[in-house]
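Please go through the structure below term by term. For each term, say what makes it apply.

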Amino acid sequence: MRQIIFRREPVEDTARYPGEEAEPGTRPVLTSSQFLAAASAGELAGGGAAVLIGPTDELASLAPHLALLSLIVVDFPKLGDGRGFSQARMLRQRYFYSGELRARGVLKRDQMFFLARCGFDSFDLDPNEDLRAAIAALDTFSVAYQEGSETVIQLQRRAPAA
């Protein structure tokens with residue numbers, strides 16, 4: 001079974017992405033079009049659904065249905081594609097999504113700190129990445145200049161010395 005990082009711990013992944021074989025005790029992750037069709041048909045009334053969004057998926061269409069979701073997986077299909085960072089910030093700051101937000105795809109451990117700053121709390125990294133080293137990378141920097149989606153307490157700017 002695949003290992004992911006969830007809240008700074010390696011855990012077994014119970015999610016099954018589109019195209020993967022479902023196993024007992026796992027939950028399916030729907031594509032955004034599958035999710036929107038099921039939500040419109042009223043098939044997801046109980047909540048707890050999971051959706052996989054790609055770089056070109058519109059978040060505004062998901063916004064009315066965020067209460068039905070317990071997991072949003074943001075796909076990073078290629079290295080250097082930063083649209084997933086923006087999607088995460090929008091989900092957390094504009095749409096106030098508070099469920100699990102997972103980064104998946106072509107990701108490297110040196111991106112971990114920045115992914116977490118954008119609001120991701122779980123990570124499905126390349127199978128060749130060392131999960132322990134990736135967890136350690138979350139502490140790469142001790143101070144950040146910009147406000148992040150994971151920031152609970154806003155730091156006050158220091159007044160310039162007179």
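Q: What makes Phe76, Phe85 and Phe120 a cluster?
A: Ring pairs link these three residues. Rings of Phe, Tyr and Trp (its six-membered ring) count as a pair if their centres lie within 6.5 Å. This is a predicted model, in which local features need pLDDT of at least 70 and side-chain atom pairs pLDDT 80 or more, while totals for chains, interfaces and linings use all residues. Residues are numbered from 1 along each chain as its sequence is written, and side-chain values use heavy atoms, without hydrogens and water.

Q: How many aromatic pairs does the structure hold, and why is the one between phenylalanine 76 and phenylalanine 85 called edge-to-face?
A: There are three aromatic pairs. In the pair of phenylalanine 76 and phenylalanine 85, the centres are 5.5 Å apart and the planes make an angle of 75°. Planes under 30 degrees apart would be stacked, over 60 edge-to-face, and the rest tilted. The value of 75° is over 60, therefore this pair is edge-to-face.

Q: How do you know whether phenylalanine 76 is buried or exposed?
A: Its relative accessibility is 2%. Buried means under 20% relative accessible area, exposed over 50%, and partly exposed in between, with a 1.4 Å probe and protein chains only. Phenylalanine 76 is therefore buried. Phenylalanine 85, at 18%, also falls under the limit and is buried.

Q: What makes leucine 68 count as buried or exposed, and which residues does it touch?
A: Leucine 68 has 19% relative accessibility, so it counts as buried. A contact means heavy atoms within 4.5 Å. Leaving out residues up to four places away in sequence, leucine 68 touches Phe35, Ala39, Leu44, Ala45, Gly47, Gly48 and Ala49. From phenylalanine 35 it is 33 residues away in sequence and 9.8 Å away in space, C-alpha to C-alpha. Leucine 68 sits in the loop between helix 2 (59-62) and strand 7.

Q: What makes a stretch a helix or a strand, and how many of each are there?
A: Helices (H or I, at least four residues) and strands (E, at least two) are DSSP runs, numbered from the N terminus. On that basis the protein has five helices and nine strands. Along the sequence they follow the pattern β-β-β-β-β-α-β-α-β-α-β-α-β-α.

Q: Which strands form the open sheet, and what makes two of its strands edge strands?
A: Seven strands form the open sheet, in the order 2-1-9-8-7-6-5, with mixed pairing. Strand 2 (9-12) and strand 5 (30-31) are the edge strands, since each pairs on one side only.

Q: Why is strand 6 described as mostly covered?
A: Five of its five residues are buried. Ala49, Val51 and Ile53 point one way, and Ala50 and Leu52 the other way.

Q: Where does helix 3 lie?
A: Helix 3 (residues 83-94) lies across strand 6 (49-53), strand 7 and strand 8. It runs at about 160° to strand 7, where angles run from 0 to 180 degrees between N-to-C directions of axes fitted to C-alpha atoms, for helices over the stretch in contact.

Q: What makes the phi of phenylalanine 96 worth a remark?
A: Most residues other than glycine have a negative phi. Phenylalanine 96 has a positive phi of about 55° although it is not a glycine. This residue is in the loop between helix 3 and strand 8, and at 67% it is exposed. Arginine 7, with phi near 50°, also has a positive value. Arginine 7 is in the loop between strand 1 (3-6) and strand 2, and at 56% relative accessibility it counts as exposed.

Technical notes. Two strands pair if DSSP finds at least two bridges between them.
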